[in-house]
Amino acid sequence: MTPRHHRQRGAALLLLLAVLGLGAASLLISAFGRNTGETERQQRTLATLAQAREALLGFAATQGRLPRPAASALDGRERAADCADDAECSGFLPWVALGVPGVDAWGKLLRYSVTPEMARAPIVSSAAIANRVVLDRNARGELAFVAGQEQCDVSAQCLPVVLFSQGKDHYGTAASGVRQVNTARGNLDEAANDSASRSFIARPASDNAALSGGAFDDMLSWITLPTLYQRMRAARNLP
């Protein structure tokens, strides 16, 4: 083979390697971009939850109680009537009443559940019982309490309120009021949160359907009773 043919063959090989390299780089950049976009949405959602949490504390400090859930998926004012039970005090964050965004970074309405006693003024701190609880799954896949316990009473209080985003996939309700269809199988923990009125599950996000509780991307936040009472006492709005 002549030197010229060697040079041509070498140039063709370099060109092929360059094309393959560009293709691989394109795939990596694309994947990295998607991951960066999702991470940004998660961070924005966490910031929105933190803003909502602070607004709830401010509302309680001025009103002497926490707000009731939103009137509907399209009406961010709080419900007009007191909650008759735990189910009626679970729904969507009352974003208009709080003056905060009502949706997460995926355009889904934030969920909200408040102890009925904590949504009525005045809250009598010596007798009111906060009854919301949050659980996680341990290394064996069993549910274990993160906040609260099985029985809530005056001497062993649980949480006054829980709020959460239902994440990118599966469950949730858009700002238009349209519910997202759950297309996953075995995501039992997300299903539990979707219908919960007292007990909620907080887990690290995972798309592994084989884990106990299935795939999960809900993002939860809550307020402890000492934190709520501290803010209300500072405003002199707690009997």
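**Disulfides and their surroundings**

Author: The link of Cys83 and Cys89 is right-handed, with 85° about the S-S bond. Before going further, a word on what you're looking at: this is a predicted model, where local features need pLDDT of at least 70, side-chain atom pairs count only at pLDDT 80 or more, and totals for chains, interfaces and linings use all residues. Residues are numbered from 1 along each chain as its sequence is written, and side-chain values use heavy atoms, leaving out hydrogens and water.

Back to the sulfurs. In Cys83–Cys89 the S to S distance is 2.1 Å, which makes this link a disulfide (cysteine sulfur atoms within 2.5 Å). Cys83 and Cys89 are both buried (under 20% relative accessible area; exposed is over 50%, partly exposed in between; 1.4 Å probe, protein chains only). A search of the whole structure turns up two disulfides. Cys152 and Cys158 make up a disulfide with sulfur atoms 1.9 Å apart. This link of Cys152 and Cys158 goes the left-handed way, at -90° about the S-S bond, and again Cys152 and Cys158 are both buried. Count the bonded cysteines along the chain and you get the pattern 1-2, 3-4.

Now for a residue that touches that Cys152–Cys158 link: Asn131. You'll find Asn131 in the loop between β2 (111–114) and β3 (133–137). Neighbours within four places in sequence aside, Asn131 is in contact (heavy atoms within 4.5 Å) with Cys152 and Cys158, and also with Asp86, Thr115, Leu159 and Arg198. Asn131 has a relative accessible area of 14%, so it counts as buried. Its side chain makes a polar contact of 3.1 Å with the side chain of Asp86, and a polar contact of 3.0 Å joins the side chains of Asn131 and Thr115. (Polar contact here: N or O atoms within 3.5 Å, within protein one able to donate a hydrogen and the other to accept it; sequence neighbours count only if both atoms are side-chain atoms.)

Arg137 stands opposite Leu143 in β4. The hairpin of β3 and β4 has five residues between the strands, and there Gly141 takes a positive phi near 85°.

Phe164 and Phe200 have ring centres 5.7 Å apart and planes at 55°, so the pair is tilted. Phe164 sits in strand β5 (residues 161–165) and Phe200 in strand β6 (residues 199–201), so to speak two distant parts of the chain, 36 residues apart, linked by the pair. Phe164 is buried, at a relative accessible area of 1%, and Phe200 counts as buried at 1% too.

Zooming out, the protein chain has four helices and seven strands (DSSP runs numbered from the N terminus: helices H or I, at least four residues; strands E, at least two). In sequence order the pattern reads α-β-α-β-β-β-β-α-β-β-α. Of the 239 residues in the protein chain, 41% are buried. And among contacts between residues at least 6 apart in sequence, 61% join residues at least 24 apart.

Technical notes:
Rings of Phe, Tyr and Trp (its six-membered ring) pair if their centres lie within 6.5 Å; planes under 30 degrees apart count as stacked, over 60 as edge-to-face and the rest as tilted. Two strands pair if DSSP finds at least two bridges between them.
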